[in-house]
Amino acid sequence: MKKVLFTTTALVFTAGVASAEVGVSGFAELGFFDDDTEFQFHTDIDATLTMSGATDNGLAFGASIDIDETDGEGSCDDDAVAAADGSCDVTGGSAAFDADTQGGESIFVSGGFGTVTMGDTDGALDWAMQEALIGGSIQDNQEHGGYNGNAFFDGAGDGQILRYDYSLGDFAVGASLEQIENGAGLDGPGDYVYGIGFRYGVEVGGGVRLNFGAGFQGCDNCEAYGISVDARFDNGLRAILNWSTADTDTDADGSETDHIGLAVGYQVDALVVAANYGQFDADGVETEGYGAVINYDLGGGAEAQFGVGNTDADGADSVTTYSLGLALSF
């Protein structure tokens, strides 16, 4: 077996830029899983290149690229916005190195004015909301058919999302914009997907902190709203509730979709135990699921993970998947 060494290189300049750093991080997974058809081996590996710097007057900037997302088509088709859940996974290929497409790269500039991010980043609704998920598994089995990652209409264009966000104490606001067909637009969806989101966190006493999120995202013939509450307790308990609704303003079945998600978890020392539930209601057609994970931190970037998920959709057989293995961070 080949050993891979991840290194970080620091580059320091003296004129115009105070400092700059280039680094590589990564993860690897090994274990076993069952996708409801067969028991199989699992191995996966990924690396992310990051770059950061700061100007003499304190302006921060940086960029990152997820290496495994540089292999793919790099764009969605015209029907991307027509899906009620707005989902579209844009992965790049040469798109990562083209100026008018996105393939896993994200670039930001930050200062007293806030932060501007462009590329493979969340739209304002996804940025604002907390998904109902705690813990992880090597196959993401806890992300069942009733799970919602809140990425409504993100990637409906070429995947290049422009987002501005600003924080003031416990309050933060974000706004996002994504071109459809590189600004040429489409009949129905129009030229842009646009969004706005808000975050607010507050200590309510008794060792409890509540983090709220709310936002909107839409285009000419689509819209989505969502809210979330994330409650964290000093004793290790955590509970997350989110709700959202999306409408693509079409006559197709399932064009209007409501979703609710709930997650509860408990952490004590290195152990995390969590469960979640979610349900989509697409014009009366329901898809629901539950997931559970057990994680144990072994230290040094290694974590043992077990995950299970079940999906039950109207008109389809119930599906159960699980995985067990090690997640290794470098």
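Q: Is Arg209 buried, partly exposed or exposed?
A: The model is predicted, and each value here is computed from it. The relative accessible area of Arg209 is 23%. Buried would require under 20% and exposed over 50%, so Arg209 is partly exposed.

Q: What is the N to O distance in the salt bridge between Asp230 and Arg238?
A: Asp230 has 3% relative accessibility and therefore counts as buried. Arg238, at 17%, is also below the 20% limit and so counts as buried. The side chains of Asp230 and Arg238 meet in a salt bridge with an N to O distance of 2.7 Å.

Q: Are Arg163 and Asp165 buried or exposed?
A: The side chains of Arg163 and Asp165 form a salt bridge at 3.0 Å, N to O. As for accessibility, Arg163 and Asp165 are both buried.

Q: Which residue in β7 is the bridge partner of Thr115?
A: Strand β6 covers residues 114–119 and strand β7 covers residues 161–168. These strands pair in the antiparallel sense over five bridges. The partner also forms a salt bridge with Arg163, and in the pairing with Thr115 it is Asp165.

Q: How many bridges join β7 to β8?
A: Strand β8 spans residues 171–179 and runs antiparallel to β7. Leu168 stands opposite Phe171 in β8. The number of bridges joining β7 to β8 is eight.

Q: Which residue in the turn between β7 and β8 has a positive phi?
A: β7 and β8 form a hairpin with two residues between them. The phi in question is about 65°, and the residue is Gly169.

Q: Where does Asp140 lie?
A: Most residues other than glycine have a negative phi. At 38% relative accessibility Asp140 counts as partly exposed, and Asp140 lies in the loop between α1 (124–128) and β7.

Q: What is the phi of Asp36?
A: Asp36 lies in the loop between β2 and β3 (39–55). Asp36 is partly exposed, with a relative accessible area of 38%. Although Asp36 is not a glycine, its phi is positive, at about 80°.

Q: How far apart in space are Glu21 and Ala54, C-alpha to C-alpha?
A: Glu21 is found in strand β2, residues 17–34. At 46% relative accessibility, Glu21 counts as partly exposed. Glu21 and Ala54 are 33 residues apart in sequence, while their C-alpha to C-alpha distance is 9.5 Å.

Q: Which residue's side chain is joined to that of Ser323 by a polar contact?
A: Ser323 is found in strand β17, residues 319–329, and is buried, with a relative accessible area of 0%. Leaving aside neighbours within four places in sequence, the residues in contact with Ser323 include Phe32, Ser137, Gln305 and Gly307. The polar contact is 2.5 Å, and the partner of Ser323 is Asn141.

Q: How far apart are the sulfur atoms of Cys219 and Cys222?
A: The structure holds one disulfide. Cys219 is buried at 4% relative accessible area, and Cys222 is buried at 4%. Cys219 and Cys222 form the disulfide, with their sulfur atoms at a distance of 2.1 Å.

Q: How many residues are in the largest nonpolar core?
A: In soluble globular proteins, nonpolar side chains tend to be buried together. The largest nonpolar core here includes Leu125, Phe152, Ile180, Val193, Cys219 and Cys222, and its residue count is 11.

Q: How many residues make up the second, separate core?
A: Among the residues of this second core are Ala132, Ile240, Val272 and Ala274. The core is separate, and its residue count is seven.

Q: What percentage of the residues in the protein chain is buried?
A: There are one helix and 17 strands in the protein chain. Among contacts between residues at least 6 apart in sequence, 51% join residues at least 24 apart. Of the 330 residues in the protein chain, the buried share is 41%.

How values were computed. Residues are numbered from 1 along each chain as its sequence is written. This is a predicted model: local features need pLDDT of at least 70, side-chain atom pairs count only at pLDDT 80 or more; totals for chains, interfaces and linings use all residues. Side-chain values use heavy atoms; hydrogens and water are left out. A nonpolar core is a set of buried Ala, Val, Leu, Ile, Met, Phe, Trp, Tyr and Cys residues joined through side-chain atoms within 4.5 Å. Buried means under 20% relative accessible area, exposed over 50%, partly exposed in between (1.4 Å probe, protein chains only). Helices (H or I, at least four residues) and strands (E, at least two) are DSSP runs, numbered from the N terminus. A salt bridge is a side-chain nitrogen of Lys or Arg within 4 Å of a carboxyl oxygen of Asp or Glu. Two strands pair if DSSP finds at least two bridges between them. A disulfide is a pair of cysteine sulfur atoms within 2.5 Å. A polar contact is a pair of N or O atoms within 3.5 Å; within protein, one must be able to donate a hydrogen and the other to accept it, and residues adjacent in sequence count only if both atoms are side-chain atoms. Contact means heavy atoms within 4.5 Å.
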